[in-house]
Amino acid sequence: MFKPTLLTAAVFAALTSTAYADSIKGTVTDAAGKPVANARVQLMGTNGETRTDEQGRFVLANVNAGEAELHIEASRFAHRDVHVEVPAQGLANLSVVLLTTTIETIDVKASPFHASATESSLPVSVLAGDALKMRQAATLGDTLKNEVGVHSNFYGGVTSSPIIRGLDGPRVLITQNGLDAGDASRVGPDHSVASETSTATQIEVLRGPATLFYGSGAIGGVVNVVDERVPTDNNTRAEWMLQRESVNNEKLAAGSIVTGAYNIAVYADAFWRDNGEYRIPGFAEVEPDADAVAGVVENTAATAKGFTLGGSYLLDNGYIGLSYGRLDREYGIPGHAHGGHEEHDDHDENADEHSEHEEDAVFADLTQHRVQLLSELSFSTGLIRAVNSRFAFTDYEHAEIEAGIVGTTFNNQSSEARIEVLHRTYQGWRGGVSLHYKHSDFDAIGEEAFTPPSETEMLALGWVEERHFGPWLVQLGARVERITIDATDVLLPDIGAHGDDEHDHEHDHDAEVIRVFDVSQKFTPYSLSAGAVWDFAEGYNLGVSLSRSQRAASASELLSFGPHIGTASYEVGAMFTLDDNEFVLNTKPIELEVANNLDITLRKFSGNTGFVLNAFYNQVDNYYYQQNTGLFAEDGHDHGDEHDHGDEHDHSGELPVYLFTAADVTLNGLEAQYVWQINAPFKLTLQGDYIRARLNGGGDLPRTPPLRFAAELAYEQDAVSADLRATRYMKQDKTSGLETATDGYTLLDASVSYRFDVGSSQLTAYLKGQNLTDEDARVHTSFLKDIAPLPGRTVALGVRGSF
């Protein structure tokens, strides 16, 4: 990587003197001519920016003579770009009119241009402010599940990751302030995402390929969790919240503070969350063959706590800061307990089965340490406008514990560095290059370590540019990576896999043959993207994006070979292939996954009505997915003599075998959101999304989200806010082989809040309810849909404050 001295020398070597005009002076008003105060006025391609005063006036000093582009933004108004010709003596009396909007226009921190969602050729969603506080949940996927095009792989309420347009796992990158979260959540659904939503300031969802900024791990999209752990100013402010929820007796306390003095800014946050097993309207099964348990999903209790400390040194041209965070989580893994079958036979029907389950239940104990260094430096003269640096080191450990004994431990130590060098506007183009490095040392040790230890290293060079051509904004980008995956002690055991037609399932474990070998794979994926945004009418635009993205299969997709409790399957990686019911090494080269994506977005973002319509088409060659082989293998546990498999269809103590296979697939869909500000207090939002995921050779991909519609009526007047939301999930019967259909269901949610002041603090008391009709809802995208439905009716009472 760059040495700091070399980087500093390169930056200052590019700085040259520049002749300036005097200034740009003007006013910002709304359509009625009223001044817009505190609007941000930015001179694009430079670091010059200012804010309007109470009369809407602004002054931008030290402006270059010639063509200039201003970007103006303000709360509740649509962003606006203004192109002007600045004479040598400066420009005075510039008048800018902003249009009101019902569509949120929050800046997206995931982009180096910090543009709003309405200015991107790719669809972007941002959840922030009160909306984020009201929707925050114990898991990231459940926090985002109501966003357009985003679903959750609900895992009994203890973990969940977001699914973007039917894609999840290694195709959706989870980041913290732009850097990989560094956890193991993309390995399996039972691994928790190591990010906390209660202390976040906003969460950004980039739908579609975002590989140019983040790499091939973002071929399906990015979820960026933003907080202030590295503060950019030292204005004193604080937020806190307390909440109690009924369905699982959840208790939550969280808070954060920013303060400082002189050139020093400091930040601290902490949270604590504890919940018991959650209640449901119907029945749940502890295990596939266990008795149904009425009213509760067992082994779904969880506790979590964490804190972050950070500080920054504030400079005239930016900041440099460091933070340390620790996260601890302990949670049950529902639907998995060994020994339960045997013990039920040894007790009479009045035995305390719940106690047995508690003794045998499997739970996870997660600890993460994370250090981040962030820096943004801007330069007023010369070729280089800004240098943004991001570094992170993460030490993650996830232990799976059964009967008080650690069975399997997952460790991931990762280092990441990204440096962005942005150039000053040249011939109307603004952009820059990025150098990105990532290293991951992952290992799993124990009886259910389904993937061997491996090291993954990535080095990438990226380039992005954009320019306005009249009403057109053109966005271009390219990225090339070098990825290496090295693993020792890769195992190829004889697992005695068999199908239903094999009557003799006996397998002599002592005679097992295990081959051990080393693997070294190298890949060079690249990505290209071209997009345009056309402002064809006042308050309207059309975005079109074309991209070609390549992805190298992850270590777990290549090297897995063992029982995975999270998916209740025996997973076999793409490095192996099936030959006459026996697994052998795959002699064919491992192909890159190649996605060709088209996105079309139509937006209306001014006036009392607004809408966003998205259509996408994604053709993916060599798409790696888990194919059910129809075979079964031992789950690796001793179940006693009763499992003699006398019945050829009895697979107790066994797991279905899934093989990672590459196939060509097509994903396409529609997303829509319509917002109507009916009058001052009432706003109606309608939205829906549809995803179709097919194998080109015939058949459907597993766990594809169903068609979904939602309607929300919101009220906001003076100190009171309220909303009522109904979401309809349609039946999903477009399923893969051996996958069952899922019935549709409707969820009814509501909330009300009241704001008031106590001294210098602003407080909000709120009440929110979810699944108010107590619907029996099974999530089709969940691995546990048959044993862990969504929670039943729940009410949460809370208070949050700020100063």
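## What lines the largest cavity

The lining of the largest cavity splits into 14 nonpolar, 15 polar and nine charged residues. Here Ala, Val, Leu, Ile, Met, Phe, Trp, Tyr, Cys and Pro go down as nonpolar, Asp, Glu, Lys and Arg as charged, and the others, Gly among them, as polar. This is a predicted model, where local features need pLDDT of at least 70 and side-chain atom pairs 80 or more, while totals for chains, interfaces and linings use all residues. Numbering runs from 1 along each chain as its sequence is written, and side-chain values use heavy atoms, with hydrogens and water left out.

That cavity has a volume of about 780 Å³. Of its 38 lining residues, D180, K438, S440, T456 and S554 sit closest to the centre. At least two lining residues each come from β11 (172-176), β23 (384-402), β24 (405-426), β25 (429-446), β26 (454-469), β27 (472-493) and α7 (555-559). Helices (H or I, at least four residues) and strands (E, at least two) are DSSP runs, numbered from the N terminus.

## The second largest cavity

Next up is a space of about 590 Å³. Its lining has 34 residues, with D168, G169, P170, Q626 and R703 nearest the centre. They divide into 15 nonpolar, 13 polar and six charged.

β10 (162-164), β11, α7 and β36 (609-634) each give at least two lining residues, and β36 has the largest share, with four.

A cavity is a set of points, on a 1 Å grid over the protein atoms alone, where a 1.4 Å probe fits but cannot get out; lining residues have an atom within 4 Å of a point. Points are joined across faces, edges and corners, and a volume is the space filled by probe spheres set on them.

Methods: 1 Å grid on protein atoms, 1.4 Å probe; cavity = no way out; pocket = protein on both sides within 12 Å on 5 of 7 lines; lining within 4 Å.
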